[in-house]
Every structure is written in C-alpha cells, then in structure tokens.
Amino acid sequence: MVRLTLSWLFRRPVQLLAVLGVAVGLLALLVVLSVMNGLIEMNRVGVRALSADLHLIPAATEPPAKFAPYAAALAEVPDVAAMSPHLVAYALLSVPGSTPNLTRTQNSDFAQLQVVGVDAEAEARVSGFGEALLRAIAAPVPDRERPFTVPETTFARPGVLISDTLARGLPSRRGAPLRGLTIELGALPWKLPPAGQELQPVNGKFTIAGTYASGDYRLALDRIYMQRSGADGLRANLLGTRAPDFTEVLIRLAPGADPQAAKFAIREALARAGLPEPGGALGGELVTWEERNHVFLRAIENERRMITLVLFFIVVVASFGLFAVLSALVREKVRDLGVLAALGCTPAQRGGLVLVVGAAAAAAGTGLGLGGAWLLVRNKDAVAVFLRDRFGIEIFSPELYVVDGLPAQWDGAAAGALALGTFLVGIAFAAAPTLRAALLNPVEALRYE
Amino acid sequence: MSEARAGTPVVEARGLVKSYRVGASTLTVLQGVSLTLQPGETAALMGASGSGKSTLLHLLGLMDKPDAGEILLAGEPVQGFGPRRAAKMRAGRLGFVFQQFQLLHEISALENVLLPRRIANGAAWWSRRAEERRAARAAMAAVGLAERERHRPPQLSGGEQQRVAIARALVGTPQLLLADEPTGNLDRRTGAEVLALMLRLARERGTALLLATHDPEVAAACDRTLHLREGRVVGA
C-alpha cells in the first residue's frame with residue numbers, strides 16, 4: 001500500500017507540479033514576510049534610536065513651565081536613570097545662494113522642519129544621539145562630546161546638525177564641504193500673537209556643524225538639532241528669551257524598570273512637587289516611545305498583516321492545484337480503487353489512500369517552501385549579489401532605501417504557523433477527492449473505461 | 001481463513017431480485033435467483049451476454065445490494081451490512097478473479113498478491129508482514145510464477161497476469177471464489193491451463209468456486225452448471 005501510495009505520488013509529473021506550486025507560493029509568502037519583518041524592525045530601531053523610554057510633555061501653563069522644577073521632581077523617582085530637556089521650534093530652511101522661493105515644490109522638504117534644542121551631553125545619555133553622530137556618513141562631527149562646534153572660520157554662526165538624508169537633498173553646494181556650510185532658518189514664534197496682529201517669524205543664519213544618521217526616514221527629513229540654551233542656543237537665536245526653556249523631557253529608565261510603573265511614579269512625583277498632571281485638563285502627556293509612535297508602528301504592522309493575508313491567498317490558490325491533481329488521480333485510478341474495493345478495502349481505507357497522497361503532497365510542498373524560504377532569507381545578500389551581477393536586477397537599492405543591505409528577519413513562529421496553515425489548506429483541498437474515492441461504487445468503478 | 005461450519009453452505013442466495021433504471025424505464029436483470037454452494041464445490045454460471053451473470057457475482061461478492069431476496073454467507077445473513085462491514089467480509093472470506101485481470105500496474109506481482117492480506121490485516125499488518133510475505137510467495141509458487149514476483153503486471157503475458165490474479169484471489173484461502181469469465185481474455189490453450197490451475201487450487205484448499213463463462217468446455221470442467229435465463233437460474 002505504501003509503495004502504491006508513493007507511486008501515485010511520485011510517478012505522476014502533474015502531482016510534482018502541484019507540490020511545486022504549493023512550495024513556490026509558501027516560499028514567496030515567507031520571503032516577502034521576512035523582508036517586511038526586516039523593514040519593520042529597521043523602522044522600529046530607527047524610531048527608537050532618537051527616542052527615549054518615556055517622553056514627558058508638560059501641561060500648557062501660563063507662564064510656560066520651567067525645566068528646573070520638573071528636573072527636581074524627576075530626580076526623586078528611582079526608576080529615572082537620566083533625562084534630557086528638548087526645546088522645539090518649527091522653521092523653514094534655505095541655503096543662501098540658492099533660490100529663496102519657498103513655495104517651489106523642490107523646496108517642500110525644507111518646509112516645516114523641527115528644530116530641536118538639546119543639551120548634547122544629556123541627550124546622549126537618554127537616547128541613541130551619540131550613536132547617530134557616530135554613524136553619520138555625509139559630515140561626521142570631529143568631537144561627539146561637543147557636536148555643535150563649527151569649523152573655525154571668520155563667519156561662523158551657531159552650529160546645527162542635520163541628518164545625512166536631509167544633507168543629500170540640499171541645493172548644489174558647488175563642491176563646498178558640508179561642514180561649515182551656512183544655512184538660513186526662518187522660525188515661527190513660540191506662540192501665536194492675538195488674532196488680528198501680524199505673525200512675525202524670526203530668521204537667522206547657522207552653520208552646519210555636522211550630520212547624524214537616522215534610520216527613521218520621517219524624522220531624518222524633519223529634524224535639525226542645535227543647542228537648547230546659551231548664546232548659540234535656540235532661544236537666543238530663534239525663539240527669543242521669553243520663550244519657554246523646554247517643551248518636553250526625554251527620560252531613560254533604569255534597567256529592568258517597568259515603564260507603566262515608572263509613569264505612575266513620575267505622576268506622583270510631579271503631584272508632590274505641585275506640578276500639573278501631564279495629560280490632565282491642561283494638556284501635555286507622559287508616554288512611552290511606542291505609545292508616542294503608535295500610529296506609525298500600527299500602520300507598518302497593519303501593512304505586514306495585509307501583505308500576509310494577500311500572499312496567503314496566493315498560497316490558497318496554489319493549493320488549489322492539489323485539488324485538481326487529486327481529482328484527476330481519483331478519475332484516473334477509479335478502476336484501481338474499484339479493484340481495491342473488491343479486495344476488501346473499506347471506504348475509509350480508499351479515502352485514506354487519496355488523503356495520504358494529498359497530505360504527502362501538501363507536506364512535501366510545505367517542507368520545500370519552508371526550507372527554501374529559510375535558505376533564501378539566510379543567504380539573502382548572496383542572492384541579491386548574484387541577481388545584480390548575473391542579471392543586473394537590483395532588488396533593493398541602498399540609495400533608495402537608505403540601508404546597507406536587504407533587510408530580512410526570519411520569524412520562526414510565524415513561519416511555522418503559516419506552514420501549518422498551508423499544510424491544512426492542502427488537506428482541506430484533498431477532502432473532496434478523498435470523499436469521492438471513499439464513496440465510489442465498486443461495481444461502477446470496475447466497469448469504468 | 002474463516003472456516004464454514006460443517007454442513008452449512010458457503011453461500012446461499014434466496015429469491016434475489018435486481019433491477020436497473022435505464023432512462024425512464026426499469027430493466028429487471030435478476031428475477032428471483034436462488035442458489036446454494038457447498039464448501040469445495042465448483043459451479044459454472046452460464047448465460048447469454050446481459051443475462052445477469054456479472055450482476056449475480058457482484059451481489060454474492062457484496063459489491064452491490066439486491067432489491068429483494070436474501071444472501072447468507074456461511075449461514076450469516078448479509079443484507080444489513082453497510083459498505084464497511086461488506087468490505088471486511090470480502091477481505092476475509094471472498095476472492096475475485098476478473099476477465100480483465102485487474103492487477104495494479106504500479107506495483108510488482110508479489111505486491112499485488114500481498115494486497116488482500118495487507119487490506120485484511122489493517123493495523124496488524126506490520127507484525128504479520130513476514131508471515132504474509134511467505135504466504136504470498138507460496139501463492140506465487142503455486143501458480144508457477146515464483147521467478148516473476150518482482151515483475152510488474154505490464155511485464156507479464158496475459159496468462160501470467162491471470163495466474164497472478166488467481167494467486168491474489170486465493171492467498172487468504174477464502175471460502176468462496178467468484179470468477180467472472182477468467183479465461184475470456186486468454187487464448188484457448190492458456191485459458192485451459194489457467195482454468196485447470198484455478199480448479200485444482202480451489203479444490204485443494206476447499207474453496208467453493210462460482211465461475212461465470214460462455215464456454216461450455218469451461219463449464220464442463222466444473223462440478224455443476226447453472227444457467228441464467230430471463231433472470232432466473234435453471235438447470236442442475
């Protein structure tokens with residue numbers, strides 16, 4: 001019986017095609033899913049890099065909150081390992097000498113930039129700011145402890161840091177080095193004037209002190225860093241000395257601290273210090289980095305689910321081939337099934353024969369697809385190089401996606417679940433031919449020509 | 001092997017009726033067929049084409065159900081048997097030989113002979129496989145094909161294929177062997193050899209044989225001949 005089953009399975013080329021169909025469908029699903037996982041992880045790392053464990057935006061009070069009482073209150077919380085104040089302004093950027101027309105479409109990347117004033121040393125303690133400077137490509141800073149230091153030139157202005165991504169989009173510099181290049185920022189005031197009064201932006205010139213690397217493409221195009229305070233700081237040069245001295249605090253938690261418990265402790269500490277509760281009637285918020293980026297993170301997770309669903313339908317369609325070949329098998333072997341019935345094969349045994357063939361084909365297709373996908377993901381870079389060198393196919397352009405290689409991450413649990421799903425779909429498609437084999441009339445089967 | 005009780009017929013049919021619908025009309029093939037076969041008895045079933053010989057064999061072989069009448073196998077009534085129990089009964093007590101040999105082409109002659117035992121043993125096959133393989137080899141030797149056991153059916157002549165079919169039918173030593181024109185596809189000489197072999201083996205094993213044939217010479221070799229005419233058994 002085993003030999004008979006094997007011959008039904010392997011001596012019919014069309015059966016092997018069905019196996020191959022399932023394998024290719026599952027392989028495509030798992031490879032694409034792994035690349036999606038890689039991209040998602042890359043995005044998460046990118047978003048996480050310049051974030052901190054917690055972000056505290058103080059309640060909107062009049063006059064605006066000062067950093068000192070918040071710093072004192074936060075210092076009382078054991079779970080708080082480090083903190084870094086941010087002062088944020090929104091600005092437009094232009095490069096002197098290039099077209100000043102800010103309404104040009106080509107200048108859209110330079111509108112609505114976020115100028116973040118930081119204390120470099122504190123920032124490096126709470127986030128991946130130091131690593132972002134280290135990984136910079138376009139214009140790495142020479143001293144990461146003093147990243148805003150500009151080259152010693154006669155016309156040096158306060159230093160700013162832009163991202164590698166933004167640096168690539170700056171207008172032609174005619175070969176001038178990026179470090180030391182002067183840019184102009186036009187910032188909105190820190191608060192709107194009363195209705196009817198003129199809105200007066202403040203603009204100033206700055207010198208690019210260097211660049212930073214960011215895996216978060218949105219942030220990279222949006223964010224410019226400069227000093228928060230001092231003569232070269234954001235207040236003194238763009239917002240004015242009446243502006244608040246911070247607009248949010250990034251907090252790094254002690255190792256092993258539970259973010260939700262830490263949030264609770266921080267709220268209590270703020271209350272003890274007589275500071276308004278963030279997220280209360282006066283606004284503000286206290287959130288984890290994931291909560292802060294939840295829309296983006298949910299969106300990319302949603303994309304992955306949708307792609308998984310769509311590709312699984314392809315696997316289902318591929319598995320339909322099993323139904324077709326098993327139906328053909330039952331039709332082709334109807335006399336043999338009749339003989340087996342005459343020899344005493346019960347309906348369950350006859351159906352079982354066809355089911356075993358279907359299950360073996362589904363298992364073979366699933367195994368091939370799973371193994372092939374694993375190998376492909378494991379050797380993704382070699383495959384990418386082979387395709388590029390042999391056929392000129394660039395499957396993932398580093399210039400376009402700002403990554404070093406094809407991102408892919410093998411999720412064993414998801415791959416196992418999808419492989420099981422594929423196998424079960426194959427079994428489900430084998431059900432109808434199985435029933436047909438089980439229910440066939442032995443007399444009619446023996447007379448079948 | 002299930003031994004028939006002493007004095008109990010291997011098969012007893014009483015008033016079997018079988019009809020088929022052909023378009024809007026009904027064709028009654030068997031109209032009250034009754035017969036009895038004793039252990040070791042051989043009987044030829046003769047009749048014109050379409051007289052219902054094969055239908056009667058299918059009913060006695062539990063592959064089809066009569067519209068009316070009763071069948072007893074070794075004294076046991078089988079009317080109420082469902083497909084599963086009927087299949088078990090075929091595997092344990094019945095053997096079939098067909099005009100077209102009906103061997104499975106994907107497996108060897110020996111594996112074809114082993115099939116009924118494989119089916120009858122079910123889950124117990126693995127523990128009995130060596131013993132069953134010996135029995136299958138003995139059956140192949142009994143039909144003179146010990147040297148051809150590894151050959152697949154398409155590599156054998158018609159006579160050899162029918163010998164394999166006889167070995168397959170008799171390997172489990174059934175109580176009743178049903179043969180539907182077993183020599184119909186063979187030349188005269190080979191047919192005579194196959195018939196002689198089948199009769200000898202059936203008699204040696206005490207297996208009752210009911211053999212459908214058109215050939216009076218074949219019928220003459222059996223203990224008695226039954227004639228099917230107008231849906232009824234006539235003659236001795």
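Chain B meets chain A through 21 of its residues, which are in contact with 18 residues of chain A (contact means C-beta atoms, placed from the backbone, within 7 Å). This is a predicted model, in which local features need pLDDT of at least 70 and side-chain atom pairs count only at pLDDT 80 or more, while totals for chains, interfaces and linings use all residues. Residues are numbered from 1 along each chain as its sequence is written, and chains are lettered from A and ligands numbered from 1 in the order in which they are written.

**Where the chains touch**
- On the side of chain B that touches chain A, α2 (83-93) and α3 (109-121) of chain B each supply at least two residues; helices (H or I, at least four residues) and strands (E, at least two) are DSSP runs, numbered from the N terminus.

**The sheet of chain B**
- Four strands make an open, antiparallel sheet in the order β2-β1-β4-β5 (chain B); strands pair if DSSP finds at least two bridges between them.
- β2 (25-37) and β5 (76-77) of chain B are at the edges with a single partner strand each, so one side of each lacks a neighbour in the sheet.
- Strands β1 (residues 11-22) and β4 (residues 68-73) of chain B are joined by five bridges, and B:V11 sits opposite B:L73.

**Helix α3 of chain A**
- Which residues of helix α3 (residues 67-75) of chain A are buried? They are A:F67, A:Y70 and A:L74 (buried means 20 or more other C-beta atoms within 10 Å of a residue's own, exposed 12 or fewer, partly exposed in between, with C-beta atoms placed from the backbone).
- The face turned away from the buried side of α3(A) carries the exposed A:A68, A:A72 and A:A75.
- The buried residues of α3(A) pack against β2 (80-94), β8 (248-253) and α9 (259-272) of chain A.

Key
Contact = placed C-beta atoms within 7 Å.
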